[in-house]
Amino acid sequence: MSLLTSIKEITNSKYLDIIGVLLVISVSVYLEYYKTTYTFHINNKEYVFYLGYFSILNTCLSMTATRLVTKKNNIGNLIGTCNTLLSGAIDFLLGNIGAILTYPISFLGNYIAFRIWKKKRYLNGIDFIFFKNMFLGLFLSIILNYIAFAYLSDKPIDWKLFFAIAIPAGISFGGTFNLGRMYPDNWINWQAYNIFKIIQNIMLLNIANTVKYIFYLFNATIGYITWRDDKAKQL
């Protein structure tokens, strides 16, 4: 059995799906992330929202969606579309005010990909549309995050934090916009995004997220190898 054949078997393996989900759950439980709560008040009464449990569920759904998309299964796009709403809500509660502006873009991108994949699934070579979508993603991210930092926050703009959030988000937008056209090279965008997130979470000492994005980086790598070979054969 050749190395390429082995990589493609790993890419399309259901066991890797299970490993990814178990990895997220085990690390989160070990670090007691499930105990994370969000406290809010309504009519002077205090309520506790168990944010940690929903964050773990959100990550498991995101992991499942990513793995299904890697295997060219359109259910992954459907799960990703629905899960974007949960991701945005959690991100907002964790302090990302700009989530109310940026996550609708991700929702729309995932939904469009889902609709396109329902009609046809054809692996495309890199072209002008690929770069146009990447530019559009970065442009929208910078504009929307600037609005959030400048007008939705009561703090002065921290430009280091701004670019640390806006650039990875822009790469993510571009990657999502390109999802519908099934570019093998789009996995390179996700590799770059995952490296950004790994560095970011190491700096924040967020071990759970670091482990998650290392897994995503591995998945993006084997996804690129698999899709590139499938495009050559147009399977």
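Contact, as the term is used in this report, means heavy atoms within 4.5 Å.

## Basis of the model

The structure is a predicted model, in which local features need pLDDT of at least 70 and side-chain atom pairs count only at pLDDT 80 or more, while totals for chains, interfaces and linings use all residues. Residues are numbered from 1 along each chain as its sequence is written, and side-chain values use heavy atoms, with hydrogens and water left out.

## Overall architecture

The chain contains nine helices and two strands. Both kinds of element are DSSP runs numbered from the N terminus, a helix being H or I with at least four residues and a strand being E with at least two. Read from the N terminus, the order of the elements is α-α-β-β-α-α-α-α-α-α-α.

The radius of gyration of the chain is 18 Å, which agrees with the value near 18 Å that a compact globule of 235 residues would have. That radius is taken over C-alpha atoms, and the globule rule is 2.2 Å times the number of residues to the power 0.38. The C-alpha trace spans about 65 × 40 × 35 Å along its principal axes. Among contacts between residues at least 6 apart in sequence, 70% join residues at least 24 apart.

## Surface and burial

The chain exposes about 13200 Å², of which carbon and sulfur atoms supply 68%. Accessible areas come from the Shrake-Rupley method with a 1.4 Å probe, and for residues only the protein chains shown count as cover. Of the 235 residues, 42% count as buried. Buried means under 20% relative accessible area, exposed means over 50%, and partly exposed lies in between (1.4 Å probe, protein chains only).

## Packing of helices H5 and H6

Helix H5 (residues 99-119) packs against helix H6 (residues 128-152) at an angle of about 160 degrees, and their axes are 9 Å apart. Axes are lines fitted to C-alpha atoms, for helices over the stretch in contact, and angles run from 0 to 180 degrees between N-to-C directions. H5 and H6 are therefore roughly antiparallel to each other; angles over 145 degrees count as roughly antiparallel, those under 35 as roughly parallel, those from 65 to 115 as roughly perpendicular and the rest as oblique.

On the H5 side, the contact is made by Ile 100, Leu 101, Thr 102 and Ile 105, and on the H6 side by Leu 140, Leu 144, Asn 145, Ile 147, Ala 148 and Leu 152. These residues divide into eight nonpolar, two polar and no charged. In this scheme Ala, Val, Leu, Ile, Met, Phe, Trp, Tyr, Cys and Pro count as nonpolar, Asp, Glu, Lys and Arg as charged, and the others, Gly among them, as polar.

## Gly 109 and Thr 176

Gly 109 belongs to helix H5 and is buried, with a relative accessible area of 6%. Leaving out residues up to four places away in sequence, Gly 109 touches Thr 176 and Phe 177. Its C-alpha atom is separated by 9.1 Å from that of Gly 174, 65 residues apart along the chain.

Thr 176 is placed in helix H7 and counts as buried at 7% relative accessibility. With residues up to four places away in sequence not counted, Thr 176 touches Ser 106, Gly 109, Asn 110 and Trp 190. Thr 176 and Ile 222, 46 residues apart in sequence, are 18 Å apart from C-alpha to C-alpha.

## The loop between H7 and H8

Asn 178 lies in the loop between helix H7 (159-177) and helix H8 (186-203), and counts as buried at 0% relative accessibility. Apart from its neighbours within four places in sequence, Asn 178 is in contact with Ile 129, Phe 130, Asn 133, Met 134, Tyr 183, Asn 186 and Asn 189.

Met 182 also lies in the loop between H7 and H8. Its phi is near 55 degrees, a positive value in a residue other than glycine. Met 182 counts as buried at 1% relative accessibility.

Lys 72 is located in the loop between helix H3 (51-70) and helix H4 (75-93). Although not a glycine, Lys 72 has a positive phi of about 60 degrees. Lys 72 is buried, at a relative accessible area of 16%.

Ile 79 is found in helix H4 and counts as partly exposed at 21% relative accessibility. Not counting residues up to four places away in sequence, Ile 79 touches Leu 61, Thr 64, Ala 65 and Leu 68.
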